[in-house]
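Here's a quick tour of how some side chains sit and pair up. Take a look at the structure first, then read on.

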Amino acid sequence: MAKKVFKMDFRGRPLEVEIGELAKQATGAVLVRYGDTVVLSTVVVAKEANLLSDFFPLMVLYQEKLYSVGKIPGGFIKREGRPTEAATLAARMIDRPMRPLFPHDFKNEVQIVNTILSVDQDNSPEMAAMFGSSLATSISKIPFDGPIAGVKVGRVDGKLVINPTVEQMELTDIDLTVAGTYDAINMVESSAKQVSEDDMLKALLYGHEAVQELVEFENKIVKEVGEEKMDYPRLEITKELRKEVEDKVSKKVDEALRIKDKLTMYATLDEIKEELITSYDEANKDLSDDELKELDTKLALIYEDIQYELFRSIVVKEHIRADGRKMNEIRPLSIDIDFLPRTHGSALFTRGQTQSLSITTLGALGEHQILDGLGIEDQKRFMLHYNFPQFSVGETGRYGAPGRREIGHGALGEKALSQVIPSEEEFPYTIRVVSEILESNGSSSQASICAGCMSLMAAGVPIKAPVAGIAMGLITSGKDYTILTDIQGMEDHLGDMDFKVAGTRDGICALQMDIKIKGITKKILKEALAQAKEARFKILDVIQKQIKEPRKEVSKYAPKTMIFTIKPEKIKDVIGKGGEMITKIICESSHVTDVNNINAVKVDLEDDGRVIIYHTDQAIIDETARRIQEVVREAEEGKIYTAKVVKVEDFGCFVQLWPGCEGMVHVSQLAKERVDKASDVVSVGDEVVVKCLGFDKRGRLNFSRKDAFTSDKKPKKDKKKED
């Protein structure tokens, strides 16, 4: 296909798509130019399908290239390595709206790769990559019920803005990503500064209007260059087999789905499935191993469909939840703070069978996280990390580096709590919250927000307001639907929506929504937000009964802090040649021999002249501050000081008032009478009384011993160093 170029003006900015020149061997490829942001999006489908797989093998990659922002990678190996957290989150954001739109019986592996070639910070590469991923798939032979698109929405001075610039993002109180098809929204990701439900709903709908413009543009391109969709192999399941299985297990599955205990219910469902497959295997012993595997897969798929339909009927038609709760009822809550004795702050939050132990640690500002990515931000001082061990769901599994799910859940919690974290000036600490999931049956990310908020308050972090989170679900059956508050695992797995809402009493701080159906309406969104608000307030009531507000003091195990300001040009004096001075100050004040000693005082020297000192012992902080202030003290012209002679030359002597402050007394200023050589009057080590004459033209500090004796003030007598 010859190169084709398609252009549109998208809300005042050029959006251009090139097809047919690059990556021609991929199943589908497009080059997206959005302003000066350039992204190559490719998609490839495997020739063979694994029909016995129980999941759709879709992989979405977002490959950050640091040359796109004119950077060379940090570290010893000067090439891009494992994906950054930002790249992982961008890949997840593309995967989530696209995955539900592939046919449920399509099992050919699909890989979507977005290579970020050039980045204009005012034109989002993430949104360009989402657009490119959808378009590359839509024009290819791969079956896909798209296209989809996504936009960012901000609000500046009360006005909603699509894909805000960097400058606008500094002023916005909403940072919202909306994705979906022309007909409906199917993915939401947001952080916000305590924004009302009504305002958030307006932003969602405003974003969807812009999504529709992009989808129309994609449809135009697909109509012109799109390929015919491929036929793909399917597992053929006869009506007779389906009816036979339904008759065998429907009643048993219905009873199992009504068991209130998660582990018992899951064990019973697994047992029914195992008995079903075993009975068919024994009745078909004449089949080959491959034929038996295919039969087992068909039975498993039928079983999942039965479970799916029965569950929906129970919830939507009978209005019964598995654990007996009402549709808007929260599971029982249990809260404890100061669970761990030596951490800076800790809290245990249990909601039903979901449990998070969150720990807050306070550190020096210099312990912030360095970010080596494509964004403007190069560091952050607040982090929330989420850990999901397999024992939390009673299973064995992989342990190692955090996966996409852990990174995503941690990022959502971080978005929610970052809205209430005090500024660096108000609270000069790096703050890390870690959520250890000890038990999980749905909504562990929101439990992490609740536990994390309490651990921050217990640690004495002066957050602006308590935050709580809740996960909402949706079950549809035909035109009927039911919205569920505080969904548990089965309701998430078999439901149509996972809608997480976190916020304070004043408004929403974070949103995340994933839809398994094609989309949801404004009416459902509005109801879900209202129901989530009611639940959030109930959880906040329980949290604030346990800990009403942040503690006034940090833990005795947390570093105390002192802040003062020096002249920025004096920072080099505090550091000293090769760091000698600051090393000396730290070691002598802390009574250690190595600055890396765990008991050593920490000193942050900021470019604006702020000095921030951290230690658990206030006396050590005070001593460190005294020594630094001595170094940066300046001699005042006309004032008299007692100084120490540190060097003697024929033309005069050099004296030190205090460490870092030295000057010269010329031979003519040593005494009232004539002095031939300075050594005739002073020796190294002598204490002499001098008057400050100020700086000469060359910036050198000069003193007079002679004028000190004629001063109005009566000086102390000189002292000779004793042998």
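Buried means under 20% relative accessible area, exposed means over 50%, and partly exposed is in between (1.4 Å probe, protein chains only). Keep in mind that this is a predicted model: local features need pLDDT of at least 70, side-chain atom pairs count only at pLDDT 80 or more, and totals for chains, interfaces and linings use all residues. Residues are numbered from 1 along each chain as its sequence is written, and side-chain values use heavy atoms, leaving out hydrogens and water.

**Aromatic pairs**
- You'll find 10 aromatic pairs here; rings of Phe, Tyr and Trp (its six-membered ring) pair if their centres lie within 6.5 Å, with planes under 30 degrees apart counted as stacked, over 60 as edge-to-face and the rest as tilted.
- One of them is Tyr641 with Trp658, an edge-to-face pair at 5.8 Å centre to centre and 75° between the planes.
- Tyr641 is in strand S25 and Trp658 in strand S26, so the pair ties together parts 17 residues apart in sequence; strands are DSSP runs (E, at least two residues), and helices are too (H or I, at least four), numbered from the N terminus.
- Tyr641 is buried at 9% relative accessible area, and Trp658 is buried at 5%.

**Salt bridges**
- There are 46 salt bridges, each a side-chain nitrogen of Lys or Arg within 4 Å of a carboxyl oxygen of Asp or Glu.
- Glu213 and Arg11 form one of 2.7 Å, N to O, linking helix H4 to the loop between strands S1 and S2, 202 residues apart.
- Glu213 is partly exposed at 29%, and Arg11 is partly exposed at 34%.
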